[in-house]
Amino acid sequence: MNGRAVVVLPTYNEAENLPRMVSRIQAVLPEAAILVVDDASPDGTGRIADRYASADPAFHVLHRPGKGGLGPAYIAGFARARELGYRVIVQSDADGSHRPEDLPVLLAALDTADVAVGSRWVPGGGLGGHWPWYRKRISRVGSRYAGTLLKLPQKDITGGFRAFTADALDAIRPGLVTSRGYCFQIEMLDRAARSGCRIAEVPITFDDRMHGVSKMSPRIVFEAFRRVTAWGLARAFRRPKPLPQISRSEARA
Ligand SMILES: Nc1nc2c(ncn2[C@@H]2O[C@H](COP(=O)(O)OP(=O)(O)O[C@H]3O[C@H](CO)[C@@H](O)[C@H](O)[C@@H]3O)[C@@H](O)[C@H]2O)c(=O)[nH]1
């Protein structure tokens, strides 16, 4: 891994989780920056983040006016991370379900890849918590369905714990991703593959969130199903438009 890394944490009502998450990240990666993207959380998560930022120049906060979905929060966060000049950009849930302790292995994969995908479904990966059976089933079946239709060889297509080089993110152009919910993860991976990024899958453990509740809803699942099916059908009849290919810069800050 080359260059300065930033961990982008989207938050909506994570006041109880954020402080613990920050100390866990700083314990494993003291040199990494953190960027919180908060959607005006009613529980005051944004104010907690502001307090960290006022004490630490490597802690950034992006405030958005209201709950706009995970995808748009990441798109805004990635854009800010690039404006700030970070060369390695990590995305992670802010609730402890992605273990900060898995960050070093995720980042190490960028020595030979452009995108590192944290995967629950490769040997060594898995679920650490108590997922209800239907959630496990949705996740596994969803990954297989999307992988088959979009011809993506990765096993975990919907996971949200990933690291990108700046060059990869520039090639993927997240600003053009239109999915709002968890389908965002699928669309990002698809664009990474179509941009010629080298993608590594790294085993991770997905834990139960520390506090609070998931924002997953049937609408979010339906968005993913509808979109992936439409993309798959469209590609059965015509090839998708080629995306600009990644250009890897030699000099990394
Ligand atoms: N800023 C912002 N953050 C949000 C929003 N919705 C959710 N988040 C934040 O995004 C993270 C994940 O949200 P959860 O609602 O806890 O996600 P999940 O159901 O556990 O889903 C996770 O696993 C899925 C795969 O199984 C992933 O697809 C998904 O991205 C996420 O990682 C948390 O930090 C949460 O606060 C939003 O509208 N705005």
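The model is predicted. The chain has 253 residues, of which 43% are buried, and 26 residues surround the ligand.

**Overall fold**
- The chain contains 8 helices and 9 strands.
- With a radius of gyration of 17 Å, close to the 18 Å given by the globule rule for 253 residues, the chain is as compact as a globular protein of that length.
- Along the principal axes, the C-alpha atoms of the chain occupy a box of roughly 55 × 45 × 35 Å.
- Of the contacts between residues at least 6 apart in sequence, 82% connect residues at least 24 apart.

**Surroundings of the ligand**
- Among the 26 residues around the ligand, the closest are Pro10, Gly160, Tyr182, Ser214 and Lys215.
- Two or more residues of this shell come from each of the elements β1 (5-11), β2 (33-38) and α3 (70-83).
- By residue class, the shell around the ligand comprises 10 polar, 8 nonpolar and 8 charged residues.

**Annotated span**
- An unreviewed UniProt entry lists residues 7-171 as "domain: Glycosyltransferase 2-like".
- In the model, residues 7-171 are 40% helix and 19% strand.

Technical notes: Residues are numbered from 1 along each chain as its sequence is written. This is a predicted model: local features need pLDDT of at least 70, side-chain atom pairs count only at pLDDT 80 or more; totals for chains, interfaces and linings use all residues. A residue is near a molecule or strand if its C-beta atom, placed from the backbone, lies within 6 Å of it. Helices (H or I, at least four residues) and strands (E, at least two) are DSSP runs, numbered from the N terminus. Ala, Val, Leu, Ile, Met, Phe, Trp, Tyr, Cys and Pro count as nonpolar, Asp, Glu, Lys and Arg as charged, and the others, Gly among them, as polar. The radius of gyration is taken over C-alpha atoms; the globule rule is 2.2 Å times the number of residues to the power 0.38. A residue is buried if 20 or more other C-beta atoms lie within 10 Å of its own, exposed if 12 or fewer, and partly exposed in between; C-beta atoms are placed from the backbone. Two residues are in contact if their C-beta atoms, placed from the backbone, lie within 7 Å. UniProt positions are given in the numbering used here, feature names are shortened, and annotations may be inferred rather than shown by experiment.
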